[in-house]
Amino acid sequence: MTMRPNDSGAAMADQQAADDVDRRQFLKVLGVTGVGTAALTGCSTDRVAKLVPYMVQDENQVPGIPTVYASTCTECATGCGVHVITREGRAIKLEGNPEHPVNAGTLCSRGQAGLQALYNPDRIGAPLAKNAAGGFDEITWEDAIARLAARLGQAGNRVAAINGYGPSTFSQLLEGMVGQLGGTTVSWQPFAREAESRANQRTFGRDALPAYDFGAARYIVSFGADFLETWGPTMEQSRGFAASHGFNDGTMARHVYVGPRMNLTGANADEWLDVAAGSEVYVALLLARAAAAAKGSPLAGDLARWTAAEVSARTGIDAARLTRIANEFAAATPSIAVAGGIAAQHRGAIDLCHAVNLANVAAGNLGQTVNFGLGSTPTAGYGAVQGLFARMERGEVAVAIVHEANPLYAMPKSGNFQA
Ligand code: SF4
């Protein structure tokens, strides 16, 4: 109870009565849930509708004893393993699964907050159908399934699906179903790392994303890739970074961040090169040149023009500082250079990622800290979704199913996607 000093005695009595009622309601709820389960909405007792004890006790639910289920976090595409702690049928806490190879028991703050999505009062709790006025009406599941089945029956093979976060069991089921109907499925995420996969196609001839071993690297240079917070499997990378950047046997890896914007990864760097957006590529070429010269790589001749003086003139960073960083990168074995995030979202992004690939090749990092075959398959990207939208405009798609993607919100206006 919170009262101000000048509140009247009557007001205090009213408040006391209200508190007593709340306390009684609270104890009543506790008493009933102790022997059964509660049909509560959210955490508030205001909207209690019904309290129904089990007629047949679920063997996995013991009142007062938490039941823990292993599951997967879907807050981002990393897919960390989680333990969902439940009490009386309700999830109450998420923890990292210590036996999961990606996160090994850790969870980021976004994963920890996953329960907020489960209990968010704005979460849609039933199928909705658009009405003539442009609003939505709640319909039953039976009605929704019947409507969808009828539409699919009429559409024939003119069916398409957009899959967001994946791969999941449901996304595979959806893709299989649409494929059986003769339709097409596009996997799409707003930050699909397209520039990286295109650059890998140019450098290595493979449209794939490698796995990066930050734990083994002795020198880390990130070009805009926020690998501790938003880029790649952040929990796995954070553990690797903590291992290599921690003080072990008298040494620790050094971390340089290159980019105009400070983020969590930049804030954890030993050194920050705040170059202008779009000029990161010159620093990457300097690293590649230094590594090629140090390791006797045949790339050295092609990269000869990217001297510290040339890169300094283009970036505004002191040439002596650039030379020191390039030489440190070239001398460290193994090192790692990564590009992504905001630095891979402009018209020079593929060139930057290609230059970073050259730096890794020249430094001998392939198979050491950069491992193809262990990474992920890139999603189709913006171009594929645009192709699908063009087909929809031509009337070639009668039913479009969107699963865990939000193109109306995330696509630029030029994407021309309309509900
Ligand atoms: S990185 Fe965070 S948000 Fe992404 S899957 Fe793991 S815990 Fe969830």
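Select F329 first: this residue is buried, with a relative accessible area of 0%. Here, buried means under 20% relative accessible area, exposed means over 50%, and partly exposed is in between, with a 1.4 Å probe and protein chains only.

The structure is a predicted model, in which local features need pLDDT of at least 70 and side-chain atom pairs count only at pLDDT 80 or more, while totals for chains, interfaces and linings use all residues. Residues are numbered from 1 along each chain as its sequence is written, and side-chain values use heavy atoms, with hydrogens and water left out.

Now select residues 319–331, which form helix α11. Helices (H or I, at least four residues) and strands (E, at least two) are DSSP runs, numbered from the N terminus. Helix α11 has 13 residues and reaches 18 Å from its first C-alpha to its last, close to the 18 Å expected at 1.5 Å a residue. The expected span of a helix is 1.5 Å times one less than its number of residues.

Colour L322, I325, A326, F329 and A330, the buried residues of α11. They cover an arc of only 135 degrees around the axis, which puts them on the same side of α11. The arc is that of the directions from the helix axis to the C-beta atoms. On the other side of α11, A320 and A331 are exposed. At the start of this helix, display D318: one of its side-chain oxygens comes to within 3.4 Å of the backbone nitrogen of A320.

Which residue forms an aromatic pair with F329? The partner is Y219, and the pair is edge-to-face, with 6.5 Å centre to centre and 75 degrees between the planes. Rings of Phe, Tyr and Trp (its six-membered ring) pair if their centres lie within 6.5 Å; planes under 30 degrees apart count as stacked, over 60 as edge-to-face and the rest as tilted. Y219 lies in strand β11 (residues 219–223) and F329 in helix α11, so the pair ties together parts that are 110 residues apart in sequence. Y219 is buried, with a relative accessible area of 3%.

Next, select F227 and F241. Their ring centres are 5.7 Å apart and their planes stand at 65 degrees, so this pair too is edge-to-face. F227 is in the loop between β11 and α7 (234–245), whereas F241 is in helix α7, 14 residues apart. F227 is buried at 0% relative accessibility, and F241 is buried with a relative accessible area of 6%.

**The ligand**

Select the ligand and show the residues around it: C73, E75, C76, T78, G79, C80, L107, C108, G111, T234 and M235.

Among the buried ones are C353, H354 and N357.

Helix α13 (residues 382–393) has 12 residues and reaches 16 Å from its first C-alpha to its last, close to the 16 Å expected. In α13, V385, L388 and F389 are buried. They cover an arc of only 100 degrees around the axis, which puts them on the same side of α13.

**Details of the backbone**

Select R151 in helix α4 (residues 141–155), a residue that is exposed at 55% relative accessibility. The C-alpha atoms of R151 and V399 are separated by 7.0 Å, although the two are 248 residues apart along the chain.

In the loop between α11 and β14 (335–339), find P334. The peptide bond from T333 to P334 is cis, with omega near -10 degrees.

E88, in the loop between β4 (81–87) and β5 (90–96), has a positive phi of about 50 degrees although it is not a glycine. E88 is buried, with a relative accessible area of 18%. E404 is found in the loop between β16 (399–403) and α14 (407–410), and its phi is near 50 degrees, a positive value in a residue other than glycine. E404 is partly exposed, with a relative accessible area of 44%.

Methods:
A residue is near a molecule or strand if one of its heavy atoms lies within 4 Å of it. A polar contact is a pair of N or O atoms within 3.5 Å; within protein, one must be able to donate a hydrogen and the other to accept it, and residues adjacent in sequence count only if both atoms are side-chain atoms.
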